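Please look over the structure below before reading on. The report after it is written for a reader who is new to protein models.

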Amino acid sequence: MSTFTAFYTAWSDQLQQLLRQLCSAPKPPTTQDHLHHLNHLVNKVLSHYAEYYRVKAAAAERDVLDIFAAPWASAFEKSLHWIAGWRPTTVFHLVYTESSILFESQIVDILRGVRTGDLGDLSPTQFRRVSELQCETVKEENAITDELSEWQHSVSDLMGATPDVDKMIERLVTVVRKADDLRLRTLKRVVDLLTPQQALEFLIAAVELQQGIREWGMNQDRECNY
């Protein structure tokens with residue numbers, strides 16, 4: 001087991017513990033203490049993701065090909081990967097999906113003017129800012145995809161007389177670093193657009209999706225190995 005694989009296993013277990021804390025938090029917050037607690041939990045989860053990307057960056061410097069191989073992930077997880085991780089624009093699909101589900105379940109109250117304060121109660125301004133951020137993210141995502149494509153096309157250079165393998169690996173490390181930076185930056189910027197309660201609900205949905213995909217994928221791998 002590689003050092004990063006061991007780290008990821010422990011990190012994922014800690015993420016599951018954080019999920020339990022998120023789910024048990026008071027919703028909606030009715031006191032300043034509740035609000036402070038929600039902000040604390042949201043920042044705690046974001047810090048946990050930042051730590052993941054910090055350690056992953058160091059691991060990529062040591063062996064970026066291992067990061068692409070992702071031995072810690074199930075086959076199903078790998079099938080969903082975009083440059084050794086989740087696609088940043090997935091965040092926006094998650095926001096829209098969760099918002100739509102909650103809105104439809106509370107539409108009668110909302111039409112009566114009752115404010116729920118949750119993800120189903122996003123304001124027009126919030127929707128506009130989320131949409132603008134999505135467009136920015138799509139552009140960055142496409143630019144990084146193009147950069148990876150250029151790197152892949154340059155593999156033919158390895159057939160030359162004096163291939164500079166180290167330089168090619170360094171370029172790949174840079175691509176992964178840009179992708180991970182966009183992932184973390186997108187997550188933080190979406191959270192910044194939300195209220196503490198909405199941010200909490202969004203992170204619960206995000207972690208449940210990530211952990212659910214991992215659990216299903218690991219179960220499939222075990223069944224295939226029988």
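The text below goes through the core, the helices, the salt bridges, the surface and the loops.

**The nonpolar core**

The model is a predicted one. The largest nonpolar core holds 60 residues. Among them, Phe-4, Tyr-49, Ile-67, Ile-83, Val-190, Phe-202 and Leu-203 touch the most other members. Helix 1 (3-23), helix 2 (32-69), helix 4, helix 6, helix 7 and helix 8 (196-224) each give at least two residues to this core. Helix 2 has the largest share, with 13 residues. In soluble globular proteins, nonpolar side chains tend to be buried together.

Leaving out residues up to four places away in sequence, Leu-203 touches Leu-22, Val-42, Val-45, Leu-187 and Val-191.

**Helix 6**

Helix 6 covers residues 124-153. At 1.5 Å a residue, its 30 residues should span 44 Å, and the C-alpha atoms at its ends are 43 Å apart, which agrees. The buried residues in helix 6 include Gln-126, Val-130, Leu-133, Gln-134 and Thr-137. Further along the numbering, Glu-141, Ile-144, Leu-148 and Trp-151 are buried in helix 6 too. An α-helix has 3.6 residues a turn, so residues three or four places apart point the same way.

**Salt bridges**

Side chains of opposite charge can pair when their charged atoms come close. The structure has eleven salt bridges.

| Salt bridge | N to O distance |
|---|---|
| Glu-141 and Arg-87 | 2.8 Å |
| Arg-183 and Asp-180 | 2.7 Å |
| Asp-181 and Arg-185 | 3.0 Å |

Glu-141 is buried, at 4% relative accessible area. Arg-87 is partly exposed, at 35% relative accessibility.

Arg-183 and Asp-180 are three residues apart in helix 7 (residues 165-193), so about one helical turn separates them. Is this pair buried or exposed? Arg-183 has a relative accessible area of 0% and is buried. Asp-180 is buried as well, with a value of 7%.

Asp-181 and Arg-185 are four residues apart in helix 7, which is about one turn of the helix. Asp-181 counts as partly exposed, with 42% relative accessibility. Arg-185 is partly exposed at 27% relative accessible area. Salt bridges with shared partners join Lys-56, Asp-180 and Arg-183 into one network.

Arg-214 is in helix 8. Its relative accessibility is 13%, so Arg-214 counts as buried, the cut-off being under 20%. Apart from residues up to four places away in sequence, Arg-214 touches Tyr-8, Ser-12, Trp-72, Ala-73, Ser-74 and Glu-77.

Trp-216 is in helix 8 too. At 47% relative accessibility, Trp-216 is partly exposed. Together with Phe-76 and Leu-80, Trp-216 makes up a nonpolar patch on the surface. The accessible area of these three residues together is about 300 Å².

**Backbone details in the loops**

Where is the cis peptide bond that involves Pro-28? This bond runs from Lys-27 to Pro-28, and its omega is near -5°. Pro-28 is in the loop between helix 1 and helix 2.

Ala-70 is not a glycine, but it has a positive phi of about 50°. Ala-70 lies in the loop between helix 2 and helix 3. With a relative accessible area of 0%, Ala-70 is buried.

Ile-83 also has a positive phi, near 50°, and is a residue other than glycine. Ile-83 is placed in the loop between helix 3 and helix 4. At 7% relative accessibility, Ile-83 counts as buried.

Note on methods. Residues are numbered from 1 along each chain as its sequence is written. This is a predicted model: local features need pLDDT of at least 70, side-chain atom pairs count only at pLDDT 80 or more; totals for chains, interfaces and linings use all residues. Side-chain values use heavy atoms; hydrogens and water are left out. A salt bridge is a side-chain nitrogen of Lys or Arg within 4 Å of a carboxyl oxygen of Asp or Glu. Buried means under 20% relative accessible area, exposed over 50%, partly exposed in between (1.4 Å probe, protein chains only). A nonpolar core is a set of buried Ala, Val, Leu, Ile, Met, Phe, Trp, Tyr and Cys residues joined through side-chain atoms within 4.5 Å. Contact means heavy atoms within 4.5 Å. The expected span of a helix is 1.5 Å times one less than its number of residues. Patches are made of residues with over 30% relative accessible area and no salt bridge: like charges are joined within 9 Å, nonpolar side chains (Val, Leu, Ile, Met, Phe, Trp, Tyr) within 5 Å. Accessible areas come from the Shrake-Rupley method with a 1.4 Å probe; for residues, only the protein chains shown count as cover.
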